[in-house]
Amino acid sequence: MSRGMGGPYRVAIYAAPGSGPDPYGAQLLDRAEEWLGRSTVGRPVRYTGDQGREPTGWTRDAIDGLTVDARRYGFHGTLKAPFRLAPGRSLSELDRCLGRFAADHSDVLIPQLALTRLDSFYALTPGVTAKPLRALADQVVAGLDEFRAPLEPAERARRRPERLTERQRDLLDAWGYPYVFDEFRFHLTLTDRVAPEHHPEVEAVLRDWFANSLGRDIALDVLALFVEPEPGANFQLHSYHPLRPHFGRLTEPMPVRDRSAGTSAA
């Protein structure tokens with residue numbers, strides 16, 4: 001597979017709550033990184049097993065077994081799913097364009113954060129309809145699509161098009177991903193697939209672990225550029241770009257901490 005001007009294997013544009021000034025987002029990110037056991041910027045993570053912070057009755061190994069793929073991708077909400085850069089396009093060019101895009105668009109809320117089981121995995125989702133969030137995702141998908149290389153046959157096959165609806169197959173062929181526009185559902189993934197017999201215990205531990213964030217409005221105040229350096233490698237936060245703030249939305253100070261390691265924040 002080709003790579004745009006020698007860049008990473010794939011790139012993605014994600015929502016990364018906690019990278020901006022929202023204190024509730026910061027609290028959520030800390031908790032999510034503890035749960036997943038990994039930071040996408042390479043900073044030390046206070047693992048759930050440290051100092052008795054693991055959920056009662058759980059071990060780090062048990063959590064790791066539930067989060068193999070979720071941990072590789074890191075804590076994020078997909079806006080534009082992973083794609084290869086188009087021929088002649090570079091990571092730095094995409095980064096600059098994303099910065100301009102973010103400066104021209106306002107931040108939005110993930111309203112009334114809820115724990116949701118989507119098919120057989122668990123995620124955090126908006127608890128009510130989130131039209132501004134959906135509109136922003138639509139604009140990211142369409143507005144930056146010039147940077148996306150067309151799907152190769154093997155990439156399309158991995159999406160299992162035979163299991164998709166006709167509408168989803170059309171979206172896959174047009175935009176490289178079947179869950180955009182009217183098929184989009186924003187989510188922050190917490191687990192891989194969970195066997196049905198384990199749903200009650202997994203839901204209970206997640207509801208307790210994220211109790212301080214559930215029901216809150218969380219700001220989506222930056223757009224994040226993630227990279228997958230090589231096939232199968234962990235996704236890393238390459239840079240983030242603040243969205244234009246709504247006046248008066250965030251009134252509490254952001255806790256003092258360093259989230260800059262490994263990023264080229266705009």
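A charge is taken to sit over a ring if NZ of Lys or CZ of Arg is within 6 Å of the ring centre and within 35 degrees of the ring normal. The legends below describe close-up views of a predicted model.

**Figure 1. Arginine side chains over aromatic rings.** Arg 89 lies over the face of Phe 147, with 4.6 Å to the ring centre. Arg 31 is placed with its charged end over the ring of Trp 209, at 3.4 Å from the centre of that ring.

**Figure 2. The largest pocket and its lining.** The space in the largest pocket comes to about 1,600 Å³. Its lining is made up of 49 residues, and those closest to the pocket centre are Tyr 73, Arg 159, Tyr 177, Tyr 179 and His 187. E2 gives the most, with seven residues. By residue class, the lining of the largest pocket holds 23 nonpolar, nine polar and 17 charged residues.

**Figure 3. The second largest pocket.** About 220 Å³ of space is found in the second largest pocket. Its lining includes Pro 126, Val 128, Thr 129, Ala 130, Lys 131, Leu 133 and Arg 134. Phe 181, Asp 182, Phe 184, Arg 185 and Phe 186 are also among the residues that line the second largest pocket. Seven residues of this lining are nonpolar, one is polar and four are charged.

**Figure 4. Aromatic pairs.** The structure has seven aromatic pairs. One of them joins Trp 175 and Phe 181, whose rings are 5.1 Å apart centre to centre with 70 degrees between the planes, an edge-to-face arrangement. Trp 175 is partly exposed, at a relative accessible area of 25%, whereas Phe 181 is buried, at 16%. Phe 184 and Phe 186 have ring centres 6.5 Å apart and planes at 55 degrees, so this pair is tilted. Both Phe 184 and Phe 186 are buried. Phe 181, Phe 184 and Phe 186 also belong to the lining of the second largest pocket.

**Figure 5. A cluster of aromatic rings.** Tyr 14, Tyr 73, Phe 226 and Phe 235 are linked into a cluster by ring pairs. Tyr 73 is also one of the residues closest to the centre of the largest pocket.

**Figure 6. The cavity.** One cavity of 30 Å³ or more is found in a search of the whole structure. The largest cavity contains about 120 Å³ of space. Of the 15 residues that line this cavity, Ser 19, Leu 29, Glu 33, Thr 40 and Leu 237 lie nearest its centre. Helix H1 (23-36) and strand E9 (236-242) each contribute at least two residues to the lining. The lining of the largest cavity consists of eight nonpolar, three polar and four charged residues.

**Figure 7. Helix H5, residues 131-143.** At 1.5 Å a residue, the 13 residues of H5 should span 18 Å, and the end C-alpha atoms are 18 Å apart, which agrees. The buried residues in H5 include Leu 133, Leu 136, Ala 137, Asp 138, Val 140 and Val 141. An α-helix has 3.6 residues a turn, so residues three or four places apart point the same way. Leu 133 also lines the second largest pocket, as does Lys 131.

Conventions
Residues numbered from 1 in each chain as written. Predicted model: local features only at pLDDT ≥ 70, side-chain atom pairs only at ≥ 80, totals over all residues. Heavy atoms only, no water. 1 Å grid on protein atoms, 1.4 Å probe; cavity = no way out; pocket = protein on both sides within 12 Å on 5 of 7 lines; lining within 4 Å. Points joined across faces, edges and corners; volume = space filled by probe spheres on them. Helix = DSSP H or I, 4+ residues; strand = E, 2+ residues; numbered from the N terminus. Nonpolar A, V, L, I, M, F, W, Y, C, P; charged D, E, K, R; others polar. Phe/Tyr/Trp six-rings, centres within 6.5 Å; stacked < 30°, edge-to-face > 60°. Buried < 20%, exposed > 50% of the residue type's maximum accessible area, 1.4 Å probe, protein only. Expected span 1.5 Å × (residues − 1).
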